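Let us walk through this structure together, one region at a time.

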Amino acid sequence: MSRYYLNYLDELESEAIYVLREVWAQFDNPVILFSGGKDSILVTHLAKKAFYPAKIPFPLMHVDTGHNFPETIQFRDNIIKDLGVELIVGSVQESIDEGRVAEEKGKNATRNALQITTLLDAIESNKIDCAIGGGRRDEEKARAKERFFSHRDDFGQWDPKNQRPELWNIFNGKHFEGEHFRAFPISNWTEMDVWNYIKREHIAIPSLYFAHEREVVWRQDSWIPNSEFLVLEEHEEIVTKKIRFRTLGDITITGGIESDADTLEKIADEVSGMRQTERGNRSDDKRSESAMEDRKRQGYF
């Protein structure tokens, strides 16, 4: 009898598609959390495969900090137009204007934590019962605790000690009114898996992931891009470096690395030799040892 074997990327793809289809089967109003980063782009690509030839059956939702890379917003708008799906935007600036949150002050001020309120408000106002994210267990120790189906209480908060078992990949999405779930289809992927899959599938990604010349400032052991939101200290100097970004987020906290990797093949080779997690250049994660977990407990992505 002949046997059929899947390679590791096909296995990961199959698992992610299974999770996406389970989300569609168990929830009434799911969305994909779309940031314009490689992981959310990957999840969107997998959703396109999961429901082909039909369109992706749920909207994409972007929590807009107002401090985005312009390239990311342009990429978001292009992919929405190409897919023909609905885009829901939650605005952090609107949350500030309405007095829902207070803007941070000081040199290292960021709007990253302010996204929590905006996200939870968008989930409540749109009656979303499952938000699909691109979180992966290899990114950060708090994310390593996540299940595929991550339960959130009626305050939108996450308790890592109160999650459902997922033996044999049987998922339980039952919840009370006001509660919701986060789903993470690519939990078991590594950064290397993501790049190998993007390369294999010829998935378009923002130019920010490729090495390019950019004005930057050295801060907190990484190259922070110059922008209208950056407040320089007396000793800081803007220089031009050839850098790329391993992860994308708020432009004020996303650090780049010096690199010559300007193709997918070069990026994959570069990542294969790295020993630091891709979130190692995110200044918001350096605030404390438990910075990510603290945010996630409050309702972060």
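Tyr18, Phe27, Phe148, Phe149, Phe171 and Phe181 are linked into a cluster by ring pairs. Rings of Phe, Tyr and Trp (its six-membered ring) pair if their centres lie within 6.5 Å; planes under 30 degrees apart count as stacked, over 60 as edge-to-face and the rest as tilted. Keep in mind that this is a predicted model, in which local features need pLDDT of at least 70 and side-chain atom pairs count only at pLDDT 80 or more, while totals for chains, interfaces and linings use all residues. Residues are numbered from 1 along each chain as its sequence is written, and side-chain values use heavy atoms, with hydrogens and water left out.

Across the whole structure, a search finds 13 aromatic pairs. One of them joins Phe27 and Phe149: the ring centres are 5.5 Å apart and the planes meet at 50°, so this pair is tilted. Phe27 belongs to the loop between helix H1 (8-26) and strand E1 (30-33), and Phe149 to strand E5, so the pair ties together parts that are 122 residues apart in sequence. Helices (H or I, at least four residues) and strands (E, at least two) are DSSP runs, numbered from the N terminus. Phe27 and Phe149 are both buried; buried means under 20% relative accessible area, exposed over 50%, and partly exposed in between (1.4 Å probe, protein chains only).

How are the rings of Phe51 and Phe58 arranged? They form an edge-to-face pair, 5.7 Å centre to centre with 90° between the planes. Phe51 is buried, with a relative accessible area of 14%, and Phe58 counts as buried at 3%. Elsewhere, Phe148 from the cluster has the charged end of Arg137 over its ring, 5.2 Å from the centre. A charge sits over a ring if NZ of Lys or CZ of Arg is within 6 Å of the ring centre and within 35 degrees of the ring normal.

Now follow the strands. Strands of a sheet pair through backbone hydrogen bonds, either parallel or antiparallel. Here two strands count as paired if DSSP finds at least two bridges between them. Strand E4 (residues 130-132) runs parallel to E6, joined by three bridges, and Ala131 has Arg182 as its bridge partner in E6. Strand E5 (residues 149-152) pairs with E6 in the antiparallel sense, over four bridges. In that pairing, Phe149 stands opposite Ala183.

In a regular strand the side chains alternate between the two faces of the sheet. Strand E6 (residues 180-183) is covered on both faces: His180 and Arg182 on one side are buried, and so are Phe181 and Ala183 on the other.

Another set of strands forms an open sheet. Four strands take the order E8-E7-E9-E10, with antiparallel pairing. Strand E8 (222-225) and strand E10 (257-258) are the edge strands, each pairing on one side only.

Next comes the largest pocket, with a volume of about 440 Å³. Of the 20 residues that line this pocket, the closest to its centre are Ile123, Glu124, Ile128, Gly178 and Glu179. On a 1 Å grid over the protein atoms alone, a pocket is an open set of points where a 1.4 Å probe fits, with protein on both sides within 12 Å along at least five of seven lines; lining residues have an atom within 4 Å of a point. Grid points are joined across faces, edges and corners, and a volume is the space filled by probe spheres set on the points.

Which helix gives the largest share of the lining? Helix H5 (residues 115-125) does, with six residues. The buried residues of H5 are Gln115, Ile116, Thr118, Leu119, Leu120, Ala122 and Ile123. After H5 comes Lys127, with a positive phi near 55°.

Finally, look at the backbone in some loops. The peptide bond from Tyr52 to Pro53 is cis, with omega near 10°, and Pro53 is in the loop between helix H2 (38-50) and strand E2 (60-64). Trp168 is not a glycine, yet its phi is positive, about 55°. Trp168 lies in the loop between E5 and E6 and counts as exposed at 75% relative accessibility.
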